[in-house]
Amino acid sequence: MTPLVMGVLNVTPDSFSDGGRYLDQAAAVARGHELVAEGADVVDVGGESTRPGAELVPEAEELHRVLPVVEALAPHVRVSVDTRKRAVAEAAVAAGATLVNDVSASLHEVAAAAGVGWVAMHMRGEPATMQDDPRYDDVVGEVRDFLVARAEAAVAAGVEEVWIDPGIGFGKTVEHNLCLLKHVGRLVATGFPVVVGTSRKGFLGALTGGAGPDDRLEASLATAVQALAGGARMVRVHEVAPTVQAARLVGAAAS
Ligand code: HH2
């Protein structure tokens, strides 16, 4: 089974790697089409950065950023909406999104009511403070137990497509991120499809002698391959074409 690639499309001024590049609606839609041409299975449209220290975006502003982009891309590709807000998730689904990518892991009722898929991601705390000394006794076990509880609640509410995501970089140290990648198989063993997002994240900079976000492609690919080889079904990435090639190789090698 060839793994899936979710392409990141941040319609924000302040995302950590592509902030400001696609805030203009036409630029965002054009970027979405590029991601499709590069082979993205899903385009993940987000209107609020969740990088460490990010500010909350008012609901009306987030709606204004994402809805026209979702509407324009939905006829061409599967669109997910990356949001923590119920109203944004509902409106994006009405505009054609068929997957709610929920870093707060709290919006499964929206997915249940609309009959769409749902991604539950693990985050410790809030983006504003999540990197202030995160601690776990057993990071893999705690993340897994949290995600399974959320996923089971979603299934009980009637969501038919439930994904789980360890939330790399969301309230986690470099060591926590590496441990979750190494043990991604323990998440896969839950039976829920696993999606992992490492692309361009800060821990890759820390592990590559300070490479900036735009210079983390090789590290992003290495960690995407590690996640997929460990059984993850999908990776969330900024650089789609090289990841599609890598994902095909992992799929072929595993078949
Ligand atoms: N990471 C980010 C945002 N959304 N969703 C899922 N399911 N998994 C992730 O790992 C994940 C996510 C953060 O990355 P990015 O969108 O590039 O940056 P920002 O939050 O600054 O917009």
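A salt bridge is counted where a side-chain nitrogen of Lys or Arg lies within 4 Å of a carboxyl oxygen of Asp or Glu. By this rule, the count comes to 19 salt bridges. The model is predicted. One of the salt bridges joins the side chains of Arg86 and Glu90, with an N to O distance of 4.0 Å. Both residues belong to helix H3, which spans residues 86–94. Arg86 and Glu90 are four residues apart in this helix, so about one helical turn separates them.

The ligand was examined next. The space taken by the ligand is the largest pocket. Around the ligand stand 17 residues. The closest are Ser15, Ser49, Asn101, Asp165 and Lys201.

Asn101, listed among the closest residues, places a polar side-chain atom 2.7 Å from a nitrogen atom of the ligand. Taken alone, the ligand exposes 480 Å². The protein buries 98% of that area.

Key: Residues numbered from 1 in each chain as written. Predicted model: local features only at pLDDT ≥ 70, side-chain atom pairs only at ≥ 80, totals over all residues. Heavy atoms only, no water. Near = heavy atom within 4 Å. Polar contact = N/O pair within 3.5 Å; in protein donor to acceptor, adjacent residues only side chain to side chain. Areas by Shrake-Rupley, 256 points an atom, 1.4 Å probe, with all protein chains shown as cover. 1 Å grid on protein atoms, 1.4 Å probe; cavity = no way out; pocket = protein on both sides within 12 Å on 5 of 7 lines; lining within 4 Å. Sits in = over half its atoms within 2 Å of the grid points. Helix = DSSP H or I, 4+ residues; strand = E, 2+ residues; numbered from the N terminus.
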